[in-house]
Amino acid sequence: MKLPKKVPKYRFVKLNEHLENPKGSYILYWMQSTRRTKHNYALEFAIETANEMRKQVIVYEGLTYNYKWACDRYHQFVLEGVAGTRSALLKLEIPYFFYLQQTPQSPRGVLSHLAKDAVLIVTDDFPCGDFPLYNQVLAKKVKVPVYSFDSNGIIPLRYFTREQAAARSMRYKISRVLLQNLEDWVPTPTIYSSSKYQVQGPWTKVYDKPIPQWVKECAIDHNVKPHWRFKGGRDEGLFKFETFMVHGGGYSEKRNDPGVRGTSELSPYFHYGFLSPLEVAIEAKANKTFSAFERDTFLEELITHRELGFNYTLYNSFYKSLEGLPKWAQETLVRHAKDPRPHIFSLEEFENSRTHDDLWNAAQTELVISGRMHSHLRQMWGKKILEWSKSPKEALDIMIHLNNKYSLDGRDPNSYAGILYCLGLHDRPWAPDREIFGNIRNISEKHIKEKIDWEGYANFVASLHKNPDANSPK
């Protein structure tokens, strides 16, 4: 098959060598991590290919009960976006089939069933967690071509052919192609075929009953609850972004102070694919509320630092272990692994905010209750876990567990990169050589308290325990 002309370079990978099924009825798009119809290369490709072949496009999205750290918080966030995705696809006249696999007794093999009548399959390319494995298994199991598409960021993941060492090298290389990628976007094409096509299956009509009821019936961890500050779906993500664009003035000064909450809080919506960093970057670039310096600071965080994390997990298979650190960081941690610790806390004590440090406890409490931790505090949080754990390995395991269990942007390339940054990733050796940390950069709670509105942050964390009505700020 000749690929449509609009397929962007570096944005896709063909995962097997099978030929199209000429008897197939549709192009199947398995929506995994890009839950939107705009700025979605996989959907664009599916529509263009379907139009050329005079076939239908259908979209399948599934949510299972048995992924690691599955809980009410994550399930509800995904399910809150289902109605919006369905509505957006119906406007494009594309059928959308959603399946919630709730228990071990629920039907299995739904994707394989759909694949039997597909001409070819397209899906999302996400360089982290179980997604690469899911795609490999699918490509081996089916008898049709499988294409994975990267809609993760502004610059294509595979534009860079190897791991980048730090933000400074990434920044320079991005600057050479940034303008082209900010402008090189074609609107989603119109589908040729009708949307009346139906496929038999155990589809879940999420809108038939309240979402919390669906969640309650799933065999998942019911102890990690959703929080009113973050609701899933594209509309919620757009609302947060639009609010930030209007009230985000002073971002360059406010972003590092959790007491004033001056960040965009968009990372959960990027992680679950409800928003595209590209659309956000285009709008932010044109925003008049920000000064040029504030705009550039925001774009630096959105583009350079975010894409550095994706580059890291794509090319470093050890992104969950100490082996994923640069050699100097591994060596300094080994040298100081047996240094005496001033305090040793267990996982349970960390998880329940039972340390002697009120700032660390507040940051952990925010994470557990609301599913978010301010990025500036995350560095202090991680470094203190290193200082208060029996070994660097135990510290890393605790950080990953707490982050992935509670954080709405956990299990994400930027989460793993951010955690390992606490241990020297994308950084340089710092002098002098100190106990426990060696040459790892240190950030003390005293230093942070002097630079933030500590009282404001403490009051904010205390307020998270309250359950405001529906008119409270999102």
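## Exercises on Leu 402 and its chain

Leu 402 sits in helix α18, which spans residues 392-406; helices are DSSP runs of H or I with at least four residues, strands are runs of E with at least two, and both are numbered from the N terminus. This is a predicted model, in which local features need pLDDT of at least 70, side-chain atom pairs count only at pLDDT 80 or more, and totals for chains, interfaces and linings use all residues. Residues are numbered from 1 along each chain as its sequence is written, and side-chain values use heavy atoms, with hydrogens and water left out.

**Exercise 1.** Decide whether Leu 402 is buried or exposed.

*Solution.* Step one is the cut-off: buried means under 20% relative accessible area, exposed over 50%, and partly exposed in between, with a 1.4 Å probe and protein chains only. Step two is the value: Leu 402 has 0% relative accessibility, so Leu 402 counts as buried. For the whole chain, 56% of the 474 residues are buried.

**Exercise 2.** Find which residues Leu 402 touches, leaving out those up to four places away in sequence.

*Solution.* A contact means heavy atoms within 4.5 Å. By this rule, the partners of Leu 402 include Leu 347, Phe 350, Gln 364 and Trp 381. Take Gln 364: it is 38 residues from Leu 402 in sequence, yet their C-alpha atoms are 8.8 Å apart.

**Exercise 3.** State what share of contacts between residues at least 6 apart in sequence joins residues at least 24 apart.

*Solution.* In the protein chain, the share is 80%.
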